[in-house]
Amino acid sequence: MYFASRAQAGRNLAARLEKKYRYENCAVLALNDGGVVVGSQIAAQLHCVLGMLLLSEITLPRETSGIGSISVEGGFSYSADLSSGDIEELQSEYRGYIEEQKLTKLHDMNRLVGGGGLTRKDLLRGHNVILASDGLIGSSMLAAALQFLKPIKIERLIVATPFADMKALDAIHVMADEVHCLNVIDDTFELNHYFESNDIPDHETIIKTIENIILHWK
């Protein structure tokens, strides 16, 4: 399945969620810039707030799958695909590289948001939280999101994504109460391959989309 744009994929997901969650206490939490484009369609249809959990994936040299993700608050989680033995080996062989990448990613993320976050935890407490992404490959982003949400008492955790591979789906079924995934993919292609239009705007526009979501309620 292909989509004309991320916005179209978001509208399709919103149609699935509307009947059950339109009049419930919900909050959409996007996992990346593309997730904001998808999630804004959901938030507009459900009349709920939109936030962004700014995450950055860390990969090893010459590898495509991430070994873990770090949040703008500094929380780091290894991918659920890795065993304790794998993690021990990585810490032994790549500790310096991983720590350097953490600092670099944190610096880049804080520069994007001016040192502040894009999500208020009090707006998530007691709500059905809908994690929105434009596609999930592997489990590292999900593990970081789960770590962020762990201390927050939420009602239900729902994952909404147009695409996910099997590793991501396995992780979702363990961590989430509900999943809405429109298509299962492998990780042969990057996500842009599945959209006819690469409709991710610049980061300033992304932040404005989050701040002004109420103006776009349908």
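This is a predicted model: local features need pLDDT of at least 70, side-chain atom pairs count only at pLDDT 80 or more; totals for chains, interfaces and linings use all residues.
1. Helices (H or I, at least four residues) and strands (E, at least two) are DSSP runs, numbered from the N terminus.

2. H1 spans residues 6-21 and reaches 21 Å from its first C-alpha to its last, close to the 22 Å expected at 1.5 Å a residue, where the expected span is 1.5 Å times one less than the number of residues. H1 bends by about 30° at Ala15, the bend being the angle between axes fitted to the seven residues ending there and the seven starting there. At the start of H1, a side-chain oxygen of Ser5 comes to within 3.5 Å of the backbone nitrogen of Ala7.

3. Helix H2 covers residues 33-46, and 13 of its 14 residues are buried. H2 bends by about 30° at Gly39, and His47, which follows H2, has a positive phi near 60°.

4. The chain as a whole has 6 helices and 8 strands, and buried residues make up 50% of its 218 residues.

5. On conventions, residues are numbered from 1 along each chain as its sequence is written, and side-chain values use heavy atoms, with hydrogens and water left out. Local features need pLDDT of at least 70 and side-chain atom pairs count only at pLDDT 80 or more, whereas totals for chains, interfaces and linings use all residues.

Note on methods: Buried means under 20% relative accessible area, exposed over 50%, partly exposed in between (1.4 Å probe, protein chains only). A polar contact is a pair of N or O atoms within 3.5 Å; within protein, one must be able to donate a hydrogen and the other to accept it, and residues adjacent in sequence count only if both atoms are side-chain atoms.
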